[in-house]
Amino acid sequence: MAQSHLPLIEEETRPYWDAAREGRLLIQHCEPCGEPFFYPRPFCPRCWSDRVRWTEASGRARLYTYSVVRWNDLPPFGERVPYIPAVVDLAEGPRMMTELVGCEPGAAAIGMPLRVEFRDEGEVSVPVFRPG
């Protein structure tokens, strides 16, 4: 049985999670209007076309916003405090919710350059970002 903090992998998101397991970050692009977007979905949020394709992202991003969680008693988060949930602007344009790793809370700065890496959570690999 999957742990409650893990995402549910559905058929339309399977390419994303399979690529993450391989250490690759995928985003979707709309074929008619060219819009890159994230989170995975079967249609373009700009023009509503269902002609979307997966493309590999560079893995580069900039920190848009973040928070520091210093107390959480829910597993597995309690053993990670303090941790930094964040929103990043991918180099390709879309924003993505993630976690900032390899960075002390006081060193996080809006606009700092980041790069993706993947944390093995057992059943899935989750993209997280670190300075770089």
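**Buried, exposed and in contact: reading the terms**

Reader: Why is Ser 125 called buried?

Author: In this predicted model, Ser 125 has a relative accessibility of 6%. Buried means under 20%, so Ser 125 counts as buried. Its place is in strand S8.

Reader: What makes the pair Ser 125 and Arg 21 a polar contact?

Author: The two side chains come to 3.4 Å. A polar contact is a pair of N or O atoms within 3.5 Å, so the pair of Ser 125 and Arg 21 qualifies. Arg 21 is also one of the residues in contact with Ser 125 once neighbours within four places in sequence are left aside; the others are Trp 17, Ala 20, Phe 118, Arg 119 and Asp 120.

Reader: How far apart are the C-alpha atoms of Ser 125 and Leu 63?

Author: They are separated by 21 Å, and the two residues are 62 residues apart along the chain.

Reader: How do you know that the buried residues of H1 lie on the same side of the helix?

Author: The buried residues of H1 are Tyr 16, Trp 17, Ala 19 and Ala 20. They cover an arc of only 160 degrees around the axis, and therefore sit on the same side of H1. These buried residues pack against strands S1, S3, S6, S7 and S8.

Reader: What follows H1?

Author: Gly 23 does, and its phi is positive, near 80 degrees.

Reader: What makes His 29 buried?

Author: The relative accessible area of His 29 is 16%, and the limit for buried is under 20%, so His 29 is buried. This residue lies in strand S1. Its side chain makes a polar contact of 2.7 Å with the side chain of Thr 55. Beyond four places in sequence, His 29 is in contact with Thr 55 and with Gly 34, Glu 35, Pro 36, Phe 37, Arg 51, Val 52 and Arg 53.

Reader: Why does Glu 121 count as buried?

Author: At 14% relative accessibility, Glu 121 is below the cut-off of 20%, so the residue counts as buried. Glu 121 is in the loop between S7 and S8. A polar contact of 2.8 Å joins its side chain to that of Arg 119. Apart from neighbours within four places in sequence, Glu 121 is in contact with His 5, Leu 6, Arg 80 and Val 126.

Reader: Why is Asp 50 called exposed?

Author: Its relative accessible area is 61%. Exposed means over 50%, so Asp 50 is exposed. Asp 50 is found in the loop between S2 and S3. Not counting residues up to four places away in sequence, Asp 50 touches Pro 42 and Phe 43.

Reader: What separates Asp 50 from Cys 30 in sequence and in space?

Author: They are 20 residues apart in sequence and 7.8 Å apart in space, C-alpha to C-alpha.

Reader: Which residues lie nearest the centre of the largest pocket?

Author: His 5, Trp 17, Met 97, Thr 98 and Val 126 do, out of 23 lining residues. The volume of this pocket is about 590 Å³. H1, S6 and S8 each supply at least two residues of the lining, and S6 gives the most, with four.

Reader: How do the lining residues divide into nonpolar, polar and charged?

Author: There are 15 nonpolar, three polar and five charged residues in the lining of the largest pocket. Among the residues nearest the centre is Trp 17, and Trp counts as nonpolar.

Methods: Residues numbered from 1 in each chain as written. Predicted model: local features only at pLDDT ≥ 70, side-chain atom pairs only at ≥ 80, totals over all residues. Heavy atoms only, no water. 1 Å grid on protein atoms, 1.4 Å probe; cavity = no way out; pocket = protein on both sides within 12 Å on 5 of 7 lines; lining within 4 Å. Points joined across faces, edges and corners; volume = space filled by probe spheres on them. Buried < 20%, exposed > 50% of the residue type's maximum accessible area, 1.4 Å probe, protein only. Arc of directions from axis to C-beta. Contact = heavy atoms within 4.5 Å. Polar contact = N/O pair within 3.5 Å; in protein donor to acceptor, adjacent residues only side chain to side chain.
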